Amino acid sequence: MEVHKIEVMPLGTNCYFAFDESTREGIVIDPGGSSDLIMKKIDELQMKVVAIVNTHGHWDHVGANQTVSEKMGVPVYIHEDDADYLTDPAKNISNMMGTQSQTKAADHLLKEGDTVTFGSCKLEVIHTPGHTPGGICLYGHGVLFCGDTLFYRSIGRTDLPGGDFHTLIESIKNKIFTLPGDTLVCPGHGMVTNVRDEINGNPFVR
């Protein structure tokens with residue numbers, strides 16, 4: 001599996017491109033904005049996009065869903081507990097940014113243990129609520145795409161609608177920190193890290 005990342009506006013969200021190196025089939029994870037930049041990257045990588053996957057439903061992670069989905073003719077996936085975030089500006093927090101952003105409803109709803117497949121690659125859906133009720137990580141091939149659950153030396157906010165600090169900490173301890181230490185952690189914002197370094201150095205999770 002090959003992975004590339006770009007930062008998209010308006011809030012510097014990490015949008016990931018994961019694909020099978022031989023077939024070029026892949027997925028776009030968290031197209032939060034900058035749809036022209038995303039489409040340019042897809043062309044540059046010569047990807048055959050088969051799906052868009054949202055790690056959660058906040059505006060800065062789903063903002064370009066509709067544009068990219070329509071241009072590529074592919075479905076949108078999100079966890080079932082965040083499905084209504086796509087169409088509710090209060091839940092996706094776009095109203096806090098002074099807009100009323102809505103995007104298309106999801107085509108497929110995910111749950112714990114599902115897999116997302118592209119080419120010969122498979123990513124497992126790990127439900128990690130706390131930042132939002134339907135937050136997920138995608139895990140496979142030694143890589144974890146964790147959205148806003150865990151960051152380098154930090155964690156996702158829990159003071160937004162649907163957030164819960166205790167639930168988030170339990171998700172990190174029980175679902176992420178049990179993975180192999182050398183697992184590459186690709187967060188929704190900021191720099192890439194790994195499980196071992198966060199176990200040893202993250203001040204929010206002890």
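This is a predicted model: local features need pLDDT of at least 70, side-chain atom pairs count only at pLDDT 80 or more; totals for chains, interfaces and linings use all residues.
Helix H1 spans residues 35–45. Its buried residues are Ser 35, Ile 38, Met 39, Lys 41, Ile 42 and Leu 45. Around the helix axis these residues cover an arc of only 160 degrees, and they therefore lie on the same side of H1. The other side of H1 carries exposed residues, namely Asp 36, Lys 40, Asp 43 and Glu 44. The cover over the buried residues of H1 includes strands S1 (2–8), S2 (13–19) and S3 (25–29), together with S4 and helix H3. After H1 comes Gln 46, a residue with a positive phi, near 55 degrees.

Helix H3 comprises residues 65–72, of which Asn 65, Val 68 and Ser 69 are buried. When H3 is viewed down its axis, the buried residues fall within an arc of 100 degrees, so one face of the helix is lined by them. Glu 70 and Lys 71, by contrast, are exposed on the other side of H3. Among the elements that cover the buried residues of H3 are helix H1, strand S4 (48–53), helix H2 (59–62) and strand S5 (76–79). Gly 73 follows H3, and its phi is positive, near 65 degrees.

Methods: Residues are numbered from 1 along each chain as its sequence is written. Side-chain values use heavy atoms; hydrogens and water are left out. Buried means under 20% relative accessible area, exposed over 50%, partly exposed in between (1.4 Å probe, protein chains only). Helices (H or I, at least four residues) and strands (E, at least two) are DSSP runs, numbered from the N terminus. The arc is that of the directions from the helix axis to the C-beta atoms. Contact means heavy atoms within 4.5 Å.
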